Amino acid sequence: MDSGDGKEEEEKEKEKLCRRCKASYAPSTNTRLSCRFHPSFFICRRHDDQKRYYELRDGDPPYAAKFYDCCGAEDPDAAGCTTDFHVSYDDDV
Ligand SMILES: [Zn+2]
Ligand SMILES: [Zn+2]
């Protein structure tokens, strides 16, 4: 009887998906420099004395209002300013 090709149970290393940078990686190659990310969020400009975000108004240059809170990068696609280990969805952090 041939039960067909079901699951492969090889010793192959399973790639994981990083929940921070969304890259897939092999755990054995995961180093402190593997994951590039921004530790903080991309935000809109916030009020000077209250930590409240507000919308852009006419005439506000877009680059002045939106940036990463960690490093000030104004491009949402800017490369991360910090590196660390990748963090898979299986890991508790
Ligand atoms: Zn990562
Ligand atoms: Zn950053």
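Confidence comes first, as a guide to the rest. Across the chain the mean pLDDT is 79, with 67% of residues reaching 70 or more. The highest confidence falls in strand S6 (residues 82–84), at a mean of 96, and the lowest in helix H1 (residues 62–65), at 57. Where pLDDT is low, the predicted coordinates should not be read in detail.

Lysine 16 belongs to strand S1. Because 18 C-beta neighbours lie inside 10 Å, lysine 16 is classed as partly exposed. Setting aside residues within four places in sequence, the contacts of lysine 16 are Ser24, Tyr25, Pro27, Ser88 and Asp90. Valine 87 is 71 residues away from lysine 16 along the chain, yet their C-alpha atoms are separated by 8.8 Å.

The loop between strand S1 (16–17) and strand S2 (24–25) holds lysine 22. Its backbone deserves a glance: phi of lysine 22 is near 65°, a positive value in a residue other than glycine. Lysine 22 has 8 other C-beta atoms within 10 Å and is therefore exposed, the limit for that class being 12 or fewer.

Arginine 36 sits in strand S3 (residues 35–37). With 15 other C-beta atoms within 10 Å, arginine 36 is partly exposed. Beyond residues up to four places away in sequence, arginine 36 touches Cys21, Ala79, Gly80 and Thr83.

Terms used: Residues numbered from 1 in each chain as written. Chains lettered and ligands numbered in written order. Predicted model: local features only at pLDDT ≥ 70, side-chain atom pairs only at ≥ 80, totals over all residues. Helix = DSSP H or I, 4+ residues; strand = E, 2+ residues; numbered from the N terminus. Buried ≥ 20, exposed ≤ 12 C-beta atoms within 10 Å, placed from the backbone. Contact = placed C-beta atoms within 7 Å. pLDDT = per-residue confidence, 0-100.
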